[in-house]
Amino acid sequence: LLQEKLIDAMENKFSFEEYCKIFSDLTDRICEDTVNVAQNQDIVIQIKDYIMENYSNANLNINHIAEVFNLSNGYVSGLFRKEENTGILDYIGMVRITKAKELLKETCMTLEEVYPHVGFTNKSTFIRVFKKQTGMTPMQYRNCRVI
């Protein structure tokens, strides 16, 4: 509707006052959209910070994050995907594996100590996710880093 009015205005079908009103409405809409984008980006930054602080919590998932931020699951999921181009669960997994890689590289923690420390409740799930993200098992990763 706004586009049609703008095209009509450009074709001189409106008075100067109507033309000014259309541009005023357009400017208002652009400002509202800019504020919404900034607010969405701020929420995603807060969610990412929360994930970084709580990655070791095995209950960290979309439901948990939605509760913490008092938002719906669908809104959190959609907003995160739109802003980050990845799903929130994939992001959590990436953070967890990144932290696991640090532990494997920088400590002598056993695999049994590492996987719960980064939020996994099951060793085989941890190994599967680790291998999917890195192309090698955790122990292969550790052995490669020692050399």
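Rings of Phe, Tyr and Trp (its six-membered ring) are taken as a pair if their centres lie within 6.5 Å. In this structure, which is a predicted model, Tyr 115, Phe 120, Phe 126, Phe 130 and Tyr 141 form one aromatic cluster.

**Aromatic residues**

A search of the whole structure finds 6 aromatic pairs. In one of them, the ring centres of Phe 130 and Tyr 141 are 5.7 Å apart and the ring planes stand at 70°, so this pair counts as edge-to-face, because planes over 60 degrees apart are given that name. Another member of the cluster, Phe 120, has a charged neighbour: Arg 96 lies over the face of the Phe 120 ring, at 5.9 Å from the ring centre.

The distances given for particular pairs of residues can be set side by side.

| Residues | What is compared | Distance |
|---|---|---|
| Phe 130 and Tyr 141 | ring centres | 5.7 Å |
| Arg 96 and Phe 120 | Arg 96 to the ring centre | 5.9 Å |
| Arg 128 and Pro 138 | C-alpha to C-alpha | 9.4 Å |

**The nonpolar core**

The largest nonpolar core has 33 residues, and those that touch the most other members are Ile 47, Ile 51, Ile 65, Ile 88 and Phe 126. Two or more residues of this core come from each of helix H2 (16-54), helix H3 (62-68), helix H4 (73-84), helix H5 (88-106), helix H6 (111-117) and helix H7 (123-134), and H5 gives the most, with 8 residues. What does Ile 65 touch, leaving aside its neighbours within four places in sequence? Ile 65 is in contact with Ile 47, Tyr 50, Ile 51, Leu 60, Val 76, Ile 88 and Ile 92.

**The largest pocket**

The largest pocket has a volume of about 270 Å³, and its lining includes Leu 60, Ile 92, Arg 96, Phe 120 and Arg 128. H5 and H7 each supply at least two residues of this lining, while the largest share, 6 residues, comes from H5.

Arg 128, one of the lining residues, is found in helix H7. Is Arg 128 buried or exposed? Its relative accessibility is 54%, so Arg 128 counts as exposed, because the cut-off for that word is over 50%. Arg 128 and Pro 138 are 10 residues apart in sequence, and their C-alpha atoms are 9.4 Å apart in space.

Terms used
Residues are numbered from 1 along each chain as its sequence is written. This is a predicted model: local features need pLDDT of at least 70, side-chain atom pairs count only at pLDDT 80 or more; totals for chains, interfaces and linings use all residues. Side-chain values use heavy atoms; hydrogens and water are left out. A nonpolar core is a set of buried Ala, Val, Leu, Ile, Met, Phe, Trp, Tyr and Cys residues joined through side-chain atoms within 4.5 Å. Buried means under 20% relative accessible area, exposed over 50%, partly exposed in between (1.4 Å probe, protein chains only). Helices (H or I, at least four residues) and strands (E, at least two) are DSSP runs, numbered from the N terminus. Contact means heavy atoms within 4.5 Å. Rings of Phe, Tyr and Trp (its six-membered ring) pair if their centres lie within 6.5 Å; planes under 30 degrees apart count as stacked, over 60 as edge-to-face and the rest as tilted. A charge sits over a ring if NZ of Lys or CZ of Arg is within 6 Å of the ring centre and within 35 degrees of the ring normal. On a 1 Å grid over the protein atoms alone, a cavity is a set of points where a 1.4 Å probe fits but cannot get out, and a pocket is an open set with protein on both sides within 12 Å along at least five of seven lines; lining residues have an atom within 4 Å of a point. Grid points are joined across faces, edges and corners, and a volume is the space filled by probe spheres set on the points.
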